[in-house]
Amino acid sequence: MKFSETLEFGHEDRKRIYEYVESHGEVDAEEARDVLHVDHGGFRHHVAILKRDGYLEEREGMLRASFEEGAAEEYEVDGIEFTVRPARQEDLSGIVGAIRRVAEQGSYIVAESVADEIDHDEALLRHNEIESRMFFVATVGDDVVGWVHLYAPELDKLAHTAELTVGVLDEYQGHGIGSHLLERGLEWAASNGYEKVYQSAPSTNEYAIEFLKDHGWETEAVREDHYKIGGDYVDEVMMAVDL
């Protein structure tokens, strides 16, 4: 089900405008009006209402969907200024690039699979299209330097749990970016009714395991020789935190 199907727009053209913008990430307002064949006055009227009601935002003639997951949070640590905010469609390539760089040594299997999914189907990034998926990013300037991703199974018996991946580029580690991303992701999970968040990692990813332990996560199980990395069998460490 599309998120828009649960919303009350009050007018069919208003719904069409929102769905067009939401499905494209960011669009030129005049281009959207022409594509949807809505007269100029009616289009501006509907856009104004969608902006008023918090469904759309507009910057320099470009429209994008607004999300309820919160505003951008700005930080400065050790002279590095960074922002943590909900991901936007235009962040797609930056997210994929960041995940692949973090996972390139074969130590972050789950995150690498997430990158493959969104790289092949960019619709998976739209967090109001699939309610069980959410991305936040950390940016320095216009560059994505870290991410946190949560995915919740749609099975009723697992609906109280969510899987999390989080990572920061090597050159930006040690400045609290990962901690802020993790906190933002867990806040989102708790506010959306999830009771437990989990993550699995190869035992060779000692940095990630220690990072999660330092933030209150516990090891629930170890599956021996679950991965084969570079010809070597590696254990899987399954970790979780209760919210």
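Which residue in S3 is the bridge partner of Leu56? The answer comes under the next heading.

## A strand hairpin

This model is predicted. In it, the bridge partner of Leu56 is Ala65 of S3. The pairing belongs to strand S2 (residues 56–59) and strand S3 (residues 62–65). These strands run in the antiparallel sense and share four bridges.

Two residues lie between the strands of this hairpin. Glu60 has a positive phi there, near 50°.

## Two crossing helices

Two packed helices are described by the angle between their axes and the distance between the axes. Take helix H1 (residues 12–24) and helix H3 (residues 40–52). Their axes come within 10 Å and cross at roughly 70°. An angle of 65 to 115 degrees counts as roughly perpendicular, so H1 is roughly perpendicular to H3.

Which residues make the contact? H1 supplies Asp13, Arg14, Ile17 and Tyr18. H3 supplies Phe43, His45, His46, Val47, Ile49 and Leu50. By class, six residues in this contact are nonpolar, two are polar and two are charged.

## Helix H6

Helix H6 covers residues 177–191, which is 15 residues. How far apart are its end C-alpha atoms? They are 21 Å apart. At 1.5 Å a residue, the helix should span 21 Å, so the two values agree.

Several residues of H6 are buried. The list runs Ile177, Gly178, Leu181, Leu182, Arg184, Gly185, Leu186, Trp188 and Ala189. Note that the charged residue Arg184 is among them. Just after H6 comes Gly193, with a positive phi of about 90°.

Conventions:
Residues are numbered from 1 along each chain as its sequence is written. This is a predicted model: local features need pLDDT of at least 70, side-chain atom pairs count only at pLDDT 80 or more; totals for chains, interfaces and linings use all residues. Side-chain values use heavy atoms; hydrogens and water are left out. The expected span of a helix is 1.5 Å times one less than its number of residues. Buried means under 20% relative accessible area, exposed over 50%, partly exposed in between (1.4 Å probe, protein chains only). Axes are lines fitted to C-alpha atoms, for helices over the stretch in contact, and angles run from 0 to 180 degrees between N-to-C directions. Angles under 35 degrees count as roughly parallel, over 145 as roughly antiparallel, 65 to 115 as roughly perpendicular and the rest as oblique. Contact means heavy atoms within 4.5 Å. Two strands pair if DSSP finds at least two bridges between them.
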